[in-house]
Amino acid sequence: MSSSIPYSTKQDNILKIAVLGLGSVGKTTISKSFSGEMSNPDDISMTKGVDITVKRIVHCDRTVTLQIWDFAGQKQFRFMIDVFLRGVKGIIYVYDVTDIETLIYLNEFVDLTRNYLNNHYYQKIPEILVGNKLDLEKIEVAIEDVHEFMKTYEIKKHFLVSGLYSHNVSEPFEYMVDQIVNKEKNLTEELVSKYSSI
Ligand SMILES: Nc1nc2c(ncn2[C@@H]2O[C@H](COP(=O)(O)OP(=O)(O)OP(=O)(O)O)[C@@H](O)[C@H]2O)c(=O)[nH]1
Ligand SMILES: [Mg+2]
């Protein structure tokens, strides 16, 4: 019975996170690797629309349910992005470290996302950048290219991972949860202080 669950373990927070990037950069592999749903990487096929993965984590003594919306990278699904972004709390942009074009053209997703957020009066939400396929030898994206992209789009945080080998995959999600929870906490404190002074 829910009333017998101690407060600290109550599921009181569902966070929707979007994972965006061009086709085949490894969004589904990273998401499923993090959630523990990837028993065989060969079972992962091209996403048609959206793949939703759920993962519960404990953050500061509270259970947080992450809803990871992993959106198809292929162009033919781009028209669905507005529906897909509704209610999103954080964005993870993914590129492939062996393919510079996946970073160059990632701007399409950043622009679409920011248009949506602006048009729907969202407050600024956390956005991070993830370079995937770190296990491969033919790395084509230089760190200078990454820094340039981050500067242009004012993205503050970057992670390098290998979804296939589950290397570093938890870090971007945990960082994202931390950012969202802190942002919401600050907003609450701001509102409390504003209204208590009236
Ligand atoms: N070597 C290596 N291959 C990876 C890695 N992550 C994904 N792949 C491979 O890249 C291919 C595409 O991976 P997906 O996870 O389907 O890519 P996606 O970004 O979800 O692609 P769409 O659904 O088409 O948007 C698959 O063959 C994966 O096995 C990685 O970290 N290292
Ligand atoms: Mg996919």
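1. Ligand 1 has 22 residues around it, and those that come nearest are Gly26, Thr28, Thr47, Gly73 and Leu164. A residue counts as near a molecule or strand if its C-beta atom, placed from the backbone, lies within 6 Å of it. The shell divides into seven nonpolar, twelve polar and three charged residues. Here Ala, Val, Leu, Ile, Met, Phe, Trp, Tyr, Cys and Pro count as nonpolar, Asp, Glu, Lys and Arg as charged, and the others, Gly among them, as polar.

2. This is a predicted model, in which local features need pLDDT of at least 70 and side-chain atom pairs count only at pLDDT 80 or more, while totals for chains, interfaces and linings use all residues. Residues are numbered from 1 along each chain as its sequence is written, and chains are lettered from A and ligands numbered from 1 in the order in which they are written.

3. Helix 1 gives the shell of ligand 1 its largest share, three residues. Eight of the nine residues of this helix (27-35) are buried, so the rest of the structure largely encloses it. Those buried are Lys27, Thr28, Thr29, Ile30, Ser31, Lys32, Ser33 and Phe34. Buried means that 20 or more other C-beta atoms lie within 10 Å of the residue's own, exposed that 12 or fewer do, and partly exposed is in between; C-beta atoms are placed from the backbone. After helix 1 comes glycine 36, with a positive phi near 85 degrees.

4. The protein has six helices and six strands, in the order β-α-β-β-α-β-α-α-β-α-β-α along the sequence. Helices (H or I, at least four residues) and strands (E, at least two) are DSSP runs, numbered from the N terminus.

5. Strand 2 (residues 50-59) and strand 3 run antiparallel and are joined by ten bridges; strands pair if DSSP finds at least two bridges between them. One of these bridges links valine 50 to phenylalanine 71 in strand 3. The two strands form a hairpin with two residues between them, and cysteine 60 in the turn has a positive phi of about 50 degrees.

6. The largest nonpolar core has 36 residues, and Ile17, Ala18, Val19, Ile92, Tyr93 and Val94 have the most contacts inside it. Elements giving two or more residues to this core include strand 1 (11-20), strand 4 (90-96) and helix 6 (170-196). Such a core is a set of buried Ala, Val, Leu, Ile, Met, Phe, Trp, Tyr and Cys residues joined through C-beta atoms within 7 Å.

7. Lysine 89 sits in the loop between helix 2 and strand 4. With 22 C-beta neighbours inside 10 Å, lysine 89 counts as buried. Leaving out residues up to four places away in sequence, lysine 89 touches Leu15, Lys16, Ile17, Ile125 and Ile180; contact means C-beta atoms, placed from the backbone, within 7 Å. Lysine 89 and alanine 18 are 71 residues apart in sequence, with 8.0 Å between their C-alpha atoms.

8. Aspartate 111 lies in helix 4 (residues 107-119) and is exposed, with 11 other C-beta atoms within 10 Å. Helix 5 (residues 143-153) is hardly covered, with one buried residue among its eleven.

9. Of the 198 residues, 31% count as buried. The C-alpha atoms fill a box of roughly 55 × 40 × 30 Å along the principal axes.

Methods. Contact = placed C-beta atoms within 7 Å.
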